[in-house]
Each structure stands twice: as structure tokens, then as C-alpha cells.
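Student: Could you take me through one part of this structure closely, in careful steps?

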Amino acid sequence: MGSTPFLSKEQAFTVRETCGTPVYVYDEGTLEASAAAVLAFPNAFGLTARFAMKALPTAAILRLFDRMGLHMDAGSGYEAERAMRAGIVPDHIQITSQDLPWNLKELVEKGCLFNACSLRQLETYGQLFPETETCVRINPGLGSGHSNRTNVGGPSSSFGIWHQYVSQVLEVARRYGLRVTGMHTHIGSGTDPEVWLHCAQLALDIAARLPEVTRLSLGGGFKPARMEYEDHADLEAIGNRLIPEFKAFAASQGRELRLEIEPGAYLTANAGVMLCSVTDVVDTGDEGFDFIKTDAGMNDIMRPALYGAQHPITLFPASSRDSEHADYLVVGHCCESGDILSPEPGNPEGLKTRTLTRAEAGDILVIGGAGAYCASMAAKNYNSFPESPEVLLTKDGALNLIRRRQSMEHMLENEVLN
Ligand code: LLP
């Protein structure tokens, strides 16, 4: 399955007329369908599915997923706060953060769940909340991701407590009377499903050594196919492979573990596009390239510049040119050569042309797969470009603005002139 833009050409021009470009557009129907697929993840003894909100933390999206029954994985104390402000009840928010929230006490007192990501975090939690329950993030010793930058398991990754330190976990827990009832692993984004399943087995082996664990989160990482040639994670197949493992664990350990998963990209990537306008078409001569310049860039969508990530690109011509095609490099508007929307796959320093309808200034480009880690992970305000607005296309065809374009006043509001 690849991502086909859910927007028609007419809708794209309507969005531009009403909101301008660049603009992110999310599709309610696709968001609901992916949430339903996640909530149907096969499991042996119950499921809690969390949305890794770092992928797309806009309040309207959090609320939509909350209505569907997803809980939230917050990647920082600030994300937990943001989720609560969006109306998510605290006990549906679990904090898994590299950086211990400065206000952890307050967040947990409000009801947020905490996932200790290091022995020191566990120690601090024990001091603040002795004689309570908690969850620990374990690095199971193996990782996988769509690039080294998104692999967060194995010896080269600082995420979670190294699997050989389970006895230290138990020792800290004993000292503070903590009951470690949750265990968590997340090994990377865009994970190879076989490596993911292998890690699930390793995680079960580790859970066997944590006698009070009753819920096991296997994290996210289910890869959505942004490009047509990519494989789309088959949640049903992955879940069905896990069921016998959980049943075998229950038989040997006498504990029925509740499964937790926390996808980000799977839920939102293909439910979003970024619309931008062609601002110029230039070339570098016979031996060179044809370039499409756009009014968006790494300040809106950084994945291509950061990872060499591939996003589908479609051109909607403003005049009738549908039968004419050419090969282009598509570049962003920031003043550096790394701001490229058509890098070589997996190599942000390489270039790869795309065959598109012949472009002219004023056309619209649709960058697909832009619902995850785009609006949330932009090189914000670089070159002083404002944050782009976000629009939700509802199932009845309405275009609802869910985040306004940032104004110059907002961009400058924290500056102090003495
Ligand atoms: N759980 C935890 C603890 C995480 O850190 C993440 C993502 C997820 C779940 C969700 O992973 P997903 O299902 O989205 O793969 N910026 C990168 C992805 C980095 C994700 C970081 N953590 C990208 O654009 O591909």
C-alpha cells in the first residue's frame, strides 16, 4: 500500500485560496481508519494502544484519537502537559522521556503514568513516590529503524535501561518499595517487522525476571508505506505472531500480560499532506538539473533533509499541462543546499530527480506522507519563515483550520529588547 493524496486537485486549490500555502492537510477518515486498525491489534490478554503524540501533537488530532479510544505516549513532560490541555485525562497519558520532567511530581500527582527510562529516573521516582507502582523502559539489546538516526535499541542507543541491569532495577525498586508492574521497550521507527518480533521475545524473557510485571509495552515503530514501493506494516500479522508468545509466557510464568503498543507514524503519516506552491523553476544548464523551488522547506518538513526520507510528490498544474512531464529536483526555500525535498533515498547528501508534470510558478505541489514528524519536527522559524497552518479535512468534506499560520508577532513575542 502506498500513499495516494486524499485531496483532489480542486480541493487543493480551494485550500490554497482559503489558507494560503504552505499548509498541512490531514484527513479525518484516514486518521480514524488507522486508529481502528491499531485498536484491533490482535492480542492474547487485552490491549492498551497509545498514540506517540510526538508524531503529531496538535490538540484536534489528540482529541480525535482520544474519542476513538487511544491513550497517549508523551515524549516529555511538556507533551504530557499539552495532552492534558487538549483535554486528555491524565491516567491516559504515559510519560516516556529521555529528559526527566522538571515537574514530574506534579504530573504524577495529577495522574499521569511514568515510565522510568534510566536507573537514575527510577531512583528519583522512588524518592518522590515510594511504595507505588511504576513502569521501566528496557533496552532489550537489539534495535531497528529506517535509518541509524531512528534506531533506539542495542548497544549504541542510550534509550532505556540496558537489559543486563534488571537486578539493579529490582534493587532500586526494593529500596523504595516500588512495584514494577509495567515494562516497556521501543526499539526504533520504521522497524523491520522480524527484528520487532525478535525484540518482543527478548522483552518477554526480560519480563519473566521482573516478577510483578503485568503489562508489557512493545512500543511503536510500525512502518507505514509512504512510497508505493515500500512495505506497509501488517499489524494483524504481527499481532497474530505475538499471541502464542504471550500465551506461552502465561503458561510458564502464571501471569497474563496485557499488551501495550504506541505507534506514531503508522497512525498519522499517510493521513497528512503538505501543500506548497511552486515559486520558480530554474536549471543549471545542459549537464545540470531542472529545479522546482517551493514556498515550503525544512522549516516545514525536515525528514528528507535529515534522513534522506522519501515522500511522494505530486504536481497539480494551475493550467492544463497534464500530459507533459519532466525530471526535477524539488528544493525547499531555506538558504542552504541541504534543504531538499527529493534527496537520494537514505542519503540526505545525495540528490534524486522525480518525474513530475511539467512545472510552472503557481502550480501546487502535494508532499505526501506528511502527517507524522513533519509539523511536529520542523526546523522552526529557520530563515524566519512562520509555522505553517494545519487543516483537517472532515469526513463530510469540510476544511477545518486546526492551527493558524504563525504571525510575525508570535514569532517575536519572546524576544527582549533592553
Ligand atoms: N514510543 C516511543 C518511546 C518513541 O520514542 C517513539 C518514537 C514511538 C513510540 C513511536 O514510533 P513510530 O511508531 O512513530 O515509529 N523522527 C523520526 C521518528 C523518530 C521517532 C522517535 N520516537 C521520523 O521522522 O521518522
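Tutor: What follows looks at one pair of packed helices and then at one residue. This is a predicted model, in which local features need pLDDT of at least 70, side-chain atom pairs count only at pLDDT 80 or more, and totals for chains, interfaces and linings use all residues. Residues are numbered from 1 along each chain as its sequence is written, and side-chain values use heavy atoms, with hydrogens and water left out.

Helix α6 covers residues 119–128 and helix α7 covers residues 166–176, where helices are DSSP runs of H or I with at least four residues, strands are runs of E with at least two, and both are numbered from the N terminus. Their axes, which are lines fitted to C-alpha atoms over the stretch in contact, with angles running from 0 to 180 degrees between N-to-C directions, lie 9 Å apart at an angle of about 10°. The two helices α6 and α7 are therefore roughly parallel, a term for angles under 35 degrees. In contact, meaning heavy atoms within 4.5 Å, are L119, L122, E123, G126 and Q127 of α6 with Q168, V169, V172, R175 and Y176 of α7. Of these residues, five are nonpolar, three polar and two charged, with Ala, Val, Leu, Ile, Met, Phe, Trp, Tyr, Cys and Pro counted as nonpolar, Asp, Glu, Lys and Arg as charged, and the others, Gly among them, as polar.

R215 is buried, with a relative accessible area of 17%, buried being under 20% with a 1.4 Å probe and protein chains only.

Methods:
Angles under 35 degrees count as roughly parallel, over 145 as roughly antiparallel, 65 to 115 as roughly perpendicular and the rest as oblique. Buried means under 20% relative accessible area, exposed over 50%, partly exposed in between (1.4 Å probe, protein chains only).
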